[in-house]
Amino acid sequence: MAKKKNRILLIIEDDEILLRALYLFFENKGFTIASATDGDTGSKMADRLKPDIILLDLMLPKMSGFDVLKYVKANPALRNTPVIVLSNLGDTEDIDHAKTLGAADYFVKARTDLDMLGKRIEKILK
Amino acid sequence: MRDRWLNFVLHLTNRIYARKQSVLAHEGLKSAGDIAALVLLESVLALVSFPLYVGLKPATVTAFLQEKGGYAKIAFDYHLRRILTLTGVSIVLVIWLLKLALIIFVPAFYGPLRLYSVSEISPVPLQNKELIAADTQIQTARIIETMPKPRLVEVRKEKGGDYVFFGTGKSGTEIVLLLSGQQSAVYTESVDKSGHFAIRHSQKNFKLNEGNHSVIVFSYDKDIQARSNIASEQFFKVTSTFTDRLIKNIDILANWSVIIILAIGIFLTALTL
């Protein structure tokens with residue numbers, strides 16, 4: 001019998017507490033979690049891991065979230081991986097920029113709760 | 001419940017981010033107010049997020065980063081700041097809770113706190129009268145120059161904080177030891193057959209204040225109510241133990257610890273900006 005494939009969620013977030021909170025929340029939803037606390041490591045992990053979905057912060061050390069998004073969308077192996085942005089940046093310019101680069105959705109942290117985020121990720125993966 | 005808690009963590013991190021932006025945008029008193037609010041929020045977050053550290057092993061979070069030194073290394077300074085803030089806040093809370101408990105419960109058990117109280121005004125018991133009379137007689141007894149003077153050899157501090165005075169004198173005579181200073185105490189003891197005496201002063205029964213005290217010894221003959229000249233006056237220093245000092249200064253320490261911990265909190269918060 002074929003083993004059921006785990007859905008892999010890559011979280012790229014530099015706030016460790018928030019990262020751990022996201023980890024606990026999505027682990028409980030049945031995801032296998034991988035995480036990185038900077039953009040450079042996050043993009044390398046995406047390369048190696050080929051996650052099912054990426055949850056991406058924008059203000060990251062070493063490599064910004066916008067650059068990670070560009071990198072993912074320019075990579076043929078990752079191009080179809082949905083990237084959801086979860087950021088403190090709430091300006092329309094930033095949201096439009098991220099969507100232009102290929103973000104599947106954009107959540108402003110101050111206006112988001114985890115249930116909303118979880119439902120959106122489930123919907124995208126379906 | 002668990003999701004509500006995680007959402008609260010998210011909410012707090014957002015509030016902290018907003019406050020940091022506000023600190024950067026303002027100057028002067030407004031900025032100081034923002035920093036104070038930041039310290040408060042960081043403290044709450046440190047407490048609320050503590051189970052995240054307890055219940056989550058870093059190695060399981062980033063299994064794919066082993067060759068890069070692992071997750072814990074990347075997050076070390078952040079982790080340390082949170083733990084330090086949490087520890088500081090916990091200490092302040094414990095100290096204040098202790099103080100609060102004392103303020104509330106001590107009067108309930110022992111009645112209202114009084115700075116001065118006068119109690120049990122009654123005639124001095126007969127035994128005490130005799131003691132006072134004896135002490136007076138000893139100190140005012142006539143001096144016989146030829147009576148041999150005892151000698152104080154050593155003052156030793158015992159483990160429990162008591163002081164023992166060792167000396168020599170004429171065998172069989174009665175020795176009087178007088179401690180003086182802000183407080184005074186009189187002890188009498190007989191010189192043993194070998195010509196030695198040892199007098200113990202218990203700090204539990206009569207606590208001498210911290211500082212220098214003088215001690216004098218002389219012989220006393222009860223029958224003829226006469227005494228010898230005093231041997232040369234000697235001095236000894238009463239030092240308080242660490243526990244004594246701690247108890248005496250606990251209130252000052254508690255108040256200072258709050259200031260120090262708040263300063264550390266502000267410093268740590270500034271580091272996260």
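Tutor: Strand β3 (residues 163-168) of chain B pairs with β6(B) in the antiparallel sense, over 6 bridges. Strands pair here if DSSP finds at least two bridges between them. One bridge joins B:Phe166 to its partner B:Ala198 in β6(B). In general, the strands of a sheet pair through backbone hydrogen bonds, either parallel or antiparallel.

This is a predicted model: local features need pLDDT of at least 70, side-chain atom pairs count only at pLDDT 80 or more, and totals for chains, interfaces and linings use all residues. Residues are numbered from 1 along each chain as its sequence is written, while chains are lettered from A and ligands numbered from 1 in the order in which they are written.

Now widen the view. The sheet is open, with 3 strands in the order β2-β3-β6 (chain B), and the pairing is antiparallel. Its edge strands are β2 (151-157) and β6 (196-201) of chain B, and each pairs on one side only. On average, neighbouring strands of this sheet are turned by 20 degrees against each other, direction ignored. The axes behind such angles are lines fitted to C-alpha atoms.

Next, the whole chain. Chain B has 8 helices and 9 strands. These are DSSP runs, numbered from the N terminus: helices are H or I with at least four residues, strands are E with at least two. Of the 273 residues in chain B, 19% are buried. Buried means that 20 or more other C-beta atoms lie within 10 Å of the residue's own; exposed means 12 or fewer, and partly exposed is in between, with C-beta atoms placed from the backbone.

Look at helix α1 (residues 2-25) of chain B. Its 24 residues reach 35 Å from first C-alpha to last, close to the 34 Å expected at 1.5 Å a residue. That expected span is 1.5 Å times one less than the number of residues. Buried residues of α1(B) include B:Leu6, B:Val9 and B:Ile16. The buried residues of this helix pack against α1 (16-28) and α5 (114-125) of chain A, together with α2 (28-48) of chain B. Contact means C-beta atoms, placed from the backbone, within 7 Å.

Last, a loop. B:Gln225 sits between β7 (211-221) and β8 (226-227) of chain B. Its phi is positive, about 50 degrees, although it is not a glycine. Most residues other than glycine have a negative phi. B:Gln225 is exposed because 12 other C-beta atoms lie within 10 Å.

Conventions
Two residues are in contact if their C-beta atoms, placed from the backbone, lie within 7 Å. Axes are lines fitted to C-alpha atoms, for helices over the stretch in contact, and angles run from 0 to 180 degrees between N-to-C directions.
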